[in-house]
Amino acid sequence: MQEPTFFVKDIPVYGDTILSPMAGYSDVPYRALCRSYGSAMHYTEVVPVDAFLGRRINGRYTRRLDKKPDESPMVFQIFGNDAQQLLAGAQRMMQFEPDIIDVNMGCATRKVSGRGAGVGMMPQPDLIAETFRLLTSHLPVPITGKIRLGWEESQKNYLEIARILEDNGAALIAMHARTKLQKYGGKADWDAIAELRQAVGVPVIGNGDVQTPADIERLKAHTGCDAVMIGRAAIGNPWIFARIDKTDLVYDDVVAAIRLHLTEMVAYYGEKEGMKLFRKHLKRYLQPFVAVQPRLPEMLTVTKQSELEALLVKCGDELSALPVTVG
């Protein structure tokens, strides 16, 4: 039997690649596809605790907590800027049966960070300490945190925050190795991930600038992190979790994944909504195939799964076994 790669408190994780929580992408269908290729632990799209504090829970956000019966370990990721409210919201979420609850301290959008949530928590170490002290003492599941380097270059306090997290019961720390002001620009600081790995005794997940399977190995070797979290590079590229380079695939390989993903989307959302939501994925799947691009507008307007599959077959008749060519 396979040995766990690491544990989140007492929960075993089998594997070292993990799909990042991404708004609009890390839904039930795409998580299912990525898991089939090797993603070892899944996060929901981030959920504001405010949505769980009223008399009636906001149904828009409860849907983000959906999961497949066999989807484990499943991490519910939350954000807020008040420790008591974070606890109250997390307690109400327990009815949806998370395996782990993660506090987002990395979201850099103005809407979140500007209100002192997401990475806006990082300049508030006392708030972080109180939040983790409350959550770890009142909830029956492991509590983890996802952070950045800090707010800006002159305020990199990731080591201070990491020690606060560990001292207050955090079972794992994931870090995107950029500051808030960097957002997704510049270069991720892998040296900082290595420092974090040396500073704490809990598992560390490294995140940032992983584009290829080779990058996974380089990040692990450079930092010693327990696992690698992959976000934008996984969109339209679930093969990265299996350490398969997309440039080694042919058209039929990509279409096989498209069919699986599309079937999951239609089963979960229904055909009308599923087809509409799938368009952003389809663009990314087919982006490397220059010869297919003239037909893409038609593919993005069909409303039936059978119609899209017929168009994919039509392209395949002309492009069968064509290797990926980056355009």
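On a 1 Å grid over the protein atoms alone, a pocket is an open set of points with protein on both sides within 12 Å along at least five of seven lines, while a cavity is a set of points where a 1.4 Å probe fits but cannot get out; lining residues have an atom within 4 Å of a point. Grid points are joined across faces, edges and corners, and a volume is the space filled by probe spheres set on the points.

The model on screen is predicted, and local features need pLDDT of at least 70, side-chain atom pairs count only at pLDDT 80 or more, and totals for chains, interfaces and linings use all residues. Residues are numbered from 1 along each chain as its sequence is written, and side-chain values use heavy atoms, with hydrogens and water left out.

**Stop one: the largest pocket**

The largest pocket has a volume of about 800 Å³. Select P21, M22, A23, C107 and Y184, which of the 37 lining residues are the closest to its centre. Then colour α2 (59-62), β6 (74-79), α4 (110-113) and β11 (227-230), each of which supplies at least two residues of the lining; helices (H or I, at least four residues) and strands (E, at least two) are DSSP runs, numbered from the N terminus. By class, this lining has 16 nonpolar, 10 polar and 11 charged residues, where Ala, Val, Leu, Ile, Met, Phe, Trp, Tyr, Cys and Pro count as nonpolar, Asp, Glu, Lys and Arg as charged, and the others, Gly among them, as polar.

**Stop two: the cavity**

The structure holds 1 cavity of 30 Å³ or more, and about 30 Å³ of space lies in the largest cavity. To find the largest cavity, select M275, F278, R279, L282, M299, L300, V302 and L308, which line it. Helix α10 (residues 271-286) gives the largest share of this lining, 4 residues, and by class the lining has 7 nonpolar, no polar and 1 charged residues.

**Stop three: H261**

Next, select H261 in helix α9 (residues 251-269). H261 counts as buried because its relative accessibility is 0%; buried means under 20% relative accessible area, exposed over 50%, and partly exposed in between (1.4 Å probe, protein chains only). Leaving aside neighbours within four places in sequence, H261 is in contact (heavy atoms within 4.5 Å) with P29, Y30, L33, F278, H281 and Y285.

**Stop four: salt bridges**

A search of the whole structure finds 12 salt bridges, a salt bridge being a side-chain nitrogen of Lys or Arg within 4 Å of a carboxyl oxygen of Asp or Glu. Begin with K220 and D16, whose side chains meet in a salt bridge at 2.6 Å, N to O. K220 lies in helix α8 (residues 213-223) and D16 in the loop between β2 (11-13) and β3 (17-19), so this pair ties together parts that are 204 residues apart in sequence. K220 is partly exposed at 24% relative accessibility, whereas D16, at 13%, counts as buried.

Move on to R115 and D50, which form a salt bridge at 2.9 Å, N to O. Since R115 sits in the loop between α4 and α5 (125-138) and D50 in the loop between β5 (47-48) and α2, the pair ties together parts that are 65 residues apart in sequence.

Finally, select R63 and E273, whose closest N and O atoms are 3.9 Å apart in their salt bridge. This pair links distant parts of the chain, with R63 in the loop between α2 and β6 and E273 in helix α10, 210 residues apart. To end the tour, select D16, E217, K220 and R243, which salt bridges that share partners join into one network.
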